[in-house]
Amino acid sequence: MPDELRADVRLLGELLGQVIAEQGGPDLLDDVERLRHAVIAARRGEVTGDEITELVSSWPLARAVQIARAFTCYFHLVNLAEEHYRIRILNQRDTGEAPLRESLADAVRQVDGDSEIIEGLELHPVLTAHPTEARRRAVVTAIQRISARLWEHADPTRGASAREEARRRLLEEIDILWRTAQLRATKLDPLDEVRTAMAAFDETIFRAVPAIYRSLDAALAPGTGARPPRSRAFIRYGSWIGGDRDGNPYVTAKVTREAIQIQSEHVLAALEAATTRIGRTLTVASPLTTPASAELRAALSEAENEHPALASEIATRSPSEPHRQWLLYVAARIEATRRRDLDLAYLSPNDLLLDLRLAQDSLAAAGAPRQAYGELQHLIWQVETFGFHLAELEVRQHSAVHAAALAEVRAGGELSERTEEVLATLRVISWIQERFGVAACSRYVVSFTRGSDDVAAVYELAATLGPRTPVLDVVPLFESGEDLDHAPAVLDGMLELPEVRARLDANGRRLEVMLGYSDSAKELGPAAATLRLYDAQAALAAWAAEHDVRLTLFHGRGGALGRGGGPANRAVLAQAPGSVAGRFKVTEQGEVIFARYGHLAIARRHIEQVASAVLLASTPSVEARTATAAARFRTVAEQVARASERAYRALVEAPGFPEWFGLVSPLEEIGSLRLGSRPARRGLGAPRSLDDLRAIPWVFSWTQTRVNLPGWYGLGSGLAAASPDELREAYREWPLFASLLDNAEMSLAKTDRSIAERYLALGGREDFAAQVLEEYDRTRELVLSVTGHSRLLENRRVLSRAVQLRDPYVDALSHLQLRALRALRSGAPLDDDARDRLETLLLLTVNGVAAGLQNTG
């Protein structure tokens, strides 16, 4: 472990140990240490798993709960230390001598400044509320405070007394983390999820976006900040939080209306604060050094006529400083927009942009380009990116709901409550557009689109609103293997719809299609789903070229490898030729939001990596290389896909498999974690088939068992069906195949066979357990053979080190979780107190394992 990381881990661990001893007594710390030493010794073969089981079983349940809390808190602190180390490494690598690898500057260099590719760049991250963030918001904020104190403690410019004070504050904040309940007492509602996402906007996204544009501008030409910008505002955020009602009965039209209002409140407050801050710094004097333009003087005069008290008050505070006066007046108008003071408010973001550019042009004309194109340009970029709505609120609903609603509407009788809700949602979309503009809410995603009739149904329902019919871009979502295969035919049918043709005429022939990674992987297995999605992308790109359509593929990816997760930039570079074309839209889900947007430096790095990959993936050379590799290894891919899907289905479709899965994993109990507002599964009762399970708890539960089955199962059988030499060539030359194997390798590395055996034994089906373990052994062996690695993650030193550091401590939580699962699954009678303690222990360990393994959802 690097010295800096080791020092942070040791410091945080020591302080946590001190807190544990103070709060639980030295005996509690001794028990924590006994388990810690035991699991580390087990990794060396010095202690058996049965001995650890005996140790864990010897403690009263109350003590086991405390020990689980200790290891969970430890993982929160280790994650924090690793984040700090990553930021330090990024800073060290950014020497200025050469562009940072995978940065926008590096991408601009590689595309040789190709203006057409750069001008066409569009990045569209969409935040979703899918329940994969196991931590309470109170825990997240406690960790953020610890982070701030850790930076203070590590600051080499601080004196000894300041460092000692920082250490004291660290101890205080770790004490608070220990005392904070790790589990939510109440279930989240959709508006709680909206407010949670707003924290990421407030803390990082709002500030990161203009910094990204500045990076691109600096790469395009020298003199950034003292000349008109070359970089456009190419990022647009979207959100499903408060708009996604597919399978979530708690997302209503009222919730959607309130969600956009919460978003607007946050972005207007941020714009007001930024405008006020910039305005106060513009103390440039006129006419002494920086005379105002005639246009700016006229605008100030008009403001004085319309709002004399406000203008006079500002002028009194800022005499002879017209630029400052104007920006402070603009800030007052933004505040009025937030307060809905229609006499002073802006009607649209475009009106605000006109006023900001008025100040910018005046400063530039007065010979103050740094003031014109510096911080003021950042503000302009922020308005262009976020408008008054922050992120486009997208609505999603299942096609079957629309079909039922349309049947009722056509019948002309009394409408059901569900149909009334569908129409109410459409009315809310219309209201959002009237208040915030069409850009604030026009995309309507239809889950399980099977034909163009599913798209037409939404347009027909919207037409019932008459004059208030909203502008809609209906987005088909293809999720199953069969639906992916039929996607081009569905688009053919869409082109016959007059509403779709009208939208294409109005928007420059732009069309959006969404691809579902989670359900396709759950249905087909990870290898077959990856290859099927690639084929779908290639087919859709060819369809778009044939029909002169500017297609944007919307990638519905999760954080876990079994849901299309993994490094986002590598995923972009593995897309089918022509399917990117400078545009990339992707979901940012659950714990991924805080992993990528929890710190400003990490957020900037993430966005730059993805944006740079989009540029590179759109170059003719990369597209040609990918197309050549895909054609060359087509037969190999088909062999792998067929055999892997066959092996996967043989397991998951076997009689009794769903019931067995419920026994060997904490699936039932995960619903009690209150991760989100959305129900964990479709319908009531135990799952009877995979269709009853949502993809998120399916993946999350397998992670808890240390099997990570959705990330690799079936791949070994697929690799065994093809030529080893051809597989090795495909790994070297085809980015998609390399990404598939690298992601599987990561998933295999986070799998622990010995711990997994103990979970699988809980189901009482030796045949299923043997099937899973045999496929694991086969997959591990063949992945190493194809990649040429002697051990898993051999070529990814940082990740390998992180996994090795965490594994023993995750083992400790797994043994504690197994104790709870065995007792709950045994059928032995339990009193209410014992059951409550066992469930608390189980849920705490679920929380801790999620923190330890990360990318679990």
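Valine 126 stands opposite glycine 238 in β2. The model is predicted, so I note that local features need pLDDT of at least 70 and side-chain atom pairs pLDDT 80 or more, whereas totals for chains, interfaces and linings use all residues. Residues are numbered from 1 along each chain as its sequence is written, and side-chain values use heavy atoms, without hydrogens or water.

I then traced the open sheet, in which nine strands pair in parallel in the order β3-β2-β1-β9-β8-β7-β6-β5-β4, pairing being at least two DSSP bridges between two strands. Its edge strands, β3 (392-393) and β4 (395-398), each pair on one side only.

Next I looked up helices α10 (residues 253-281) and α13 (residues 322-339), which pack at about 165 degrees with axes 8 Å apart, the axes being lines fitted to C-alpha atoms over the stretch in contact and the angles running from 0 to 180 degrees between N-to-C directions. That angle makes α10 roughly antiparallel to α13 (over 145 degrees; under 35 is roughly parallel, 65 to 115 roughly perpendicular, the rest oblique).

Lastly I checked valine 471, in the loop between α19 (452-463) and β6 (473-478). Valine 471 counts as partly exposed because its relative accessibility is 30% (buried is under 20%, exposed over 50%, partly exposed in between, with a 1.4 Å probe and protein chains only).

Terms used:
Helices (H or I, at least four residues) and strands (E, at least two) are DSSP runs, numbered from the N terminus.
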